[in-house]
Amino acid sequence: MSARSITKDIYAVGILNPAMRIFDVVMKTEYGTSYNSYIVKGAEKTALVETCHLTFFDQYLDNIRQVCDPAQIDYIILNHCEPDHSGVLGRLTSLCPAAKILVSQAGSLYLKNITNNPSLPITVAKDGDKLDLGGKTLQFISAPFLHWPDSMFTWCPEEKILFSCDVLGAHYCEPYTFDTNMAYPAKYEEAFKGYYDAIFGPFPSYVQNGLAKIKALDVQVVCNSHGPVLTRGCRLEWAMDRYEEWSRPQKNEVPLIPLFYCSAYGNTGKIADMLRAGILEEIPHADCQIYDINAHDMAFLQGLLNRSDAFGIGSPTINADAVAPVWNLLSHVDAINNRKRPVLVFGSYGWSGEAVPNLIARLKGLKSDVFEEGFRTIFVPSEEELQKAKEFGKQFARSLAK
């Protein structure tokens, strides 16, 4: 896709990647993505805001050349240094010999390691710093953990345009620049929610702080790093409202204590039943349901686990380990907000019983508050063992009140 005009002096020169289906290894991108990049031309200076993924260097360079000679770029601004933002930088700087690179303090540390070039002409952009391009001002606004510690916004007050980095973006690709031309709004909304959950869900308080900074500006257009450019009167207000809703602190009305498990022959499921009975005997008003991992959508279970006040997870031991669906669920744990979350581990085994200790080791690595050493039975739990499981559930429930 060629360069597109945002305003008379601001241009989109980014790249579309409709074929991408996985981002950062774990995030599905059913609708592809875009690597958005922008040129801001002042009367005296020219700035490039964000770059793109290295894979698309030649196409990206062609887009830049449709607006200006790369040698005329005076500043390269990286609101965030992840390789989808900075990937072409190493090659691009050779074509922009006079360009200074502006990043946050954290970004100045990361960028040298990302590019393996300690001699990059880096200038640290502090919160509130301004850059005069001649009739166009760029102001830098710190926005840490949205979604890396290095993240910042760039604000152009004359154009009332905010270059928002990943905030208010989406892994969504249509051959249109603006939200006003969107062909499949329902699919965009799905991608927008999935992007928020994966990228910003772990940082709700930082989202709230970032929203407050955006609301303090007279923003008419948001030029984000992925997905369509958002405009006031179309999708911008909707997107802001969704971030406000999703980042609002929430507390469960009653204690939410789901029990997740897999069971080869039903024995781990029997333990889950008795653990639940014990928990409910101590906390009768708790929302304590049992979920066979293989019988439910993984995204649903992931959301349930991450909203929980405490949870249990159980697995049989097969080939000296917990089974794959259990590991899959734990791979979706929000490791930041699940720190110190109480969890009990359980399972039935036959030969060796490594599932429970292996799961405990993983959960302790996630800084979860693992209850004792878990609960295990050999093969089919006896009636006596089932009663011990119930008592174990009661003890776990009591520990939650401490």
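Biologist: How many salt bridges does the structure hold?

Modeller: The structure holds 15 salt bridges. The term denotes a side-chain nitrogen of Lys or Arg within 4 Å of a carboxyl oxygen of Asp or Glu. The model is predicted, so local features need pLDDT of at least 70 and side-chain atom pairs count only at pLDDT 80 or more, while totals for chains, interfaces and linings use all residues. Residues are numbered from 1 along each chain as its sequence is written, and side-chain values use heavy atoms, with hydrogens and water left out.

Biologist: What makes the pair Asp-197 and Lys-193 a salt bridge?

Modeller: The N to O separation of their side chains is 2.8 Å, and the criterion is a nitrogen within 4 Å of a carboxyl oxygen; therefore the pair qualifies. Asp-197 and Lys-193 are 4 residues apart in helix H5 (residues 185-200), about one helical turn. Helices (H or I, at least four residues) and strands (E, at least two) are DSSP runs, numbered from the N terminus.

Biologist: Why is Asp-197 called partly exposed?

Modeller: Buried means under 20% relative accessible area, exposed over 50%, and partly exposed in between, with a 1.4 Å probe and protein chains only. Asp-197 has 39% relative accessibility, so the label is partly exposed. Lys-193, at 31%, is partly exposed as well.

Biologist: How do you know that Glu-282 and Arg-398 form a salt bridge?

Modeller: The closest N and O atoms of Glu-282 and Arg-398 are 3.5 Å apart, which is within the 4 Å limit. Glu-282 lies in helix H8 (residues 267-282) and Arg-398 in helix H12 (residues 383-400), so the pair ties together parts that are 116 residues apart in sequence. Glu-282 is partly exposed at 33%, and Arg-398 is partly exposed at 37%.

Biologist: Which residues are linked with Arg-398 in a network of salt bridges?

Modeller: The network links Glu-281, Glu-282, Lys-390, Glu-391, Lys-394 and Arg-398. Within it, Arg-398 also forms a salt bridge with Glu-391, where the closest N and O atoms are 3.6 Å apart. Glu-391 has a relative accessible area of 32% and is therefore partly exposed.

Biologist: Why is Trp-351 called exposed?

Modeller: Its relative accessible area is 85%, and exposed means over 50%, so the label follows. Trp-351 sits in the loop between strand E21 (342-349) and helix H11 (355-365).

Biologist: What makes Gly-169 buried?

Modeller: Gly-169 has 2% relative accessibility and so counts as buried. Gly-169 is found in the loop between strand E15 (161-163) and H5. Its C-alpha atom is separated by 5.6 Å from that of Asn-224, 55 residues apart along the chain. Not counting residues up to four places away in sequence, Gly-169 touches Phe-192, Tyr-195, Asn-224, His-226 and Tyr-243, where contact means heavy atoms within 4.5 Å.

Biologist: What is noted about the phi of Leu-168?

Modeller: Leu-168 has a positive phi of about 65° although it is not a glycine. Leu-168 lies in the loop between E15 and H5 and, at 0% relative accessibility, counts as buried. Glu-372 also has a positive phi, of about 45°, and is not a glycine. Glu-372 is found in the loop between strand E22 (369-370) and strand E23 (375-378), and is partly exposed at 44%.

Biologist: Which peptide bond is cis?

Modeller: The bond from Leu-146 to His-147 is cis, with omega near 5°. His-147 is found in the loop between strand E13 (137-142) and strand E14 (152-156).

Biologist: How many helices and strands are there in the protein chain?

Modeller: The protein chain has 12 helices and 23 strands. Buried residues make up 52% of its 402 residues.
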